[in-house]
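Have the sequence and the 3D view ready as you read.

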Amino acid sequence: MSQTAGRSADRSVRTCPGGSRRALSEAYDTALLDLDGVVYAGGQAIAYAVDSLGTARAGGMHLAYVTNNALRTPDAVAAHLTELGIPTGASDVITSAQAAARLVSEQVPAGARVLVIGGEGLRVALRERGLEPVDSADDDPAAVVQGYGGPDMAWGRFAEACYAIARGVPWFASNTDLTIPSARGIAPGNGAAVEVVRIATGAEPQVAGKPLPPMHRETILRTGAERPLVVGDRLDTDIEGAFNGEVDSLLVLTGVTDGARLLAAPPEHRPTYVDADLRGMLTGQPEVGPVQGGFGCGGWTASVRDGELALDGEGEVMDGLRALCAAAWTEAGDGACTLDAGKALSRLGV
């Protein structure tokens, strides 16, 4: 396995996807898996997810599920995964509610009251840290913590947060994801609700969830991972979180990220590995590197030609995308690639 494959000489900027001669499930001891868009979508398992995770687990890889959604408790998430055919215990689920609760507990007295603007996941996480959830700014809270509370959260809950924050009470947010996937499409996420309170108060919350360090710290503390691999579908949370935690990552294309977004990714959004779905955990990853005329992977060669990304050859779709990543990221350096990749991506259908 090449932990630094595709990085520049200063080892800080990834310029192409990495390669691994060993299956990723063997090269890493723990998979830190996002849920929405990786394991399931609309509550239903994504194709190949159940079998792939079962094979990885049977081979000795520890599976941990890391979610920015603070609404559900670890018990509820574990029960859902088990129903889908992925046997999971509550201790294998790490939520942004847990990361936020730890952050709060480090800054307020033991047993302090905390105003909760969110769902049961936050309440359970706060009690786990010995704190007392309350519902009103008049309950003399020592802190305010805000997380996704579901589509039916009452507008008055935001007012309670504002009243407390205006009195100088510190404000914490589980995460700031602006959107959340649902069975009917994309809906406003906790980040949209945080903006409501920010606009009304002028305050800034301390944020716990991906891609920020508190979430990574919570994950490592709870899993004990020594060689973790972050597996996700979002560049701005999963992959950036891995970048901030200085660990390797696998991007799967079963969620929100498409080929165009991947090619345009700035350094903090560039994954170590790229694959179509969770079957990528069970295989090695091909080497990507310079060849005559550009960058090669499998039977493909990608290059910059006439001001746009070009792709020549034939072979596996993902190999073509990996080669394009090398050409795009090398051209962009420490920025974001702005070259037109439409024709090249149309050849691959991604």
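This is a predicted model: local features need pLDDT of at least 70, side-chain atom pairs count only at pLDDT 80 or more; totals for chains, interfaces and linings use all residues.

Q: In β9, which residue is the bridge partner of Q146?
A: Start with the strands: β8 covers residues 143-146, and 3 bridges join β8 to the parallel strand β9, residues 171-173. Within β9, the residue bridged to Q146 is A173.

Q: Which residue stands opposite V144 of β8?
A: Look at strand β6, residues 113-117, which pairs with β8 in the parallel sense over 4 bridges. The residue opposite V144 is L115.

Q: Are the residues on the two faces of β8 buried or exposed?
A: In a regular strand, side chains alternate between the two faces of the sheet. In β8, A143 and V145 are on one side, while V144 and Q146 are on the other. Both faces are covered, and these four residues are all buried.

Q: Which hand does the β-α-β unit of β8, α6 and β9 have?
A: Helix α6 spans residues 155-166. Together with β8 and β9, helix α6 makes a unit that is right-handed.

Q: Within what arc do the buried residues of α7 fall?
A: The buried residues of helix α7 are N190, G191, A193, V194, V197 and R198. Seen down the helix axis, they line one face, and I199 and A200 are exposed on the other side. What covers the buried residues includes β8, α6 and β9.

Note on methods: Residues are numbered from 1 along each chain as its sequence is written. Side-chain values use heavy atoms; hydrogens and water are left out. Buried means under 20% relative accessible area, exposed over 50%, partly exposed in between (1.4 Å probe, protein chains only). Two strands pair if DSSP finds at least two bridges between them. A crossover is right-handed if, with the strands pointing away from the viewer, the path from the first strand over the helix to the second runs clockwise. The arc is that of the directions from the helix axis to the C-beta atoms. Contact means heavy atoms within 4.5 Å.
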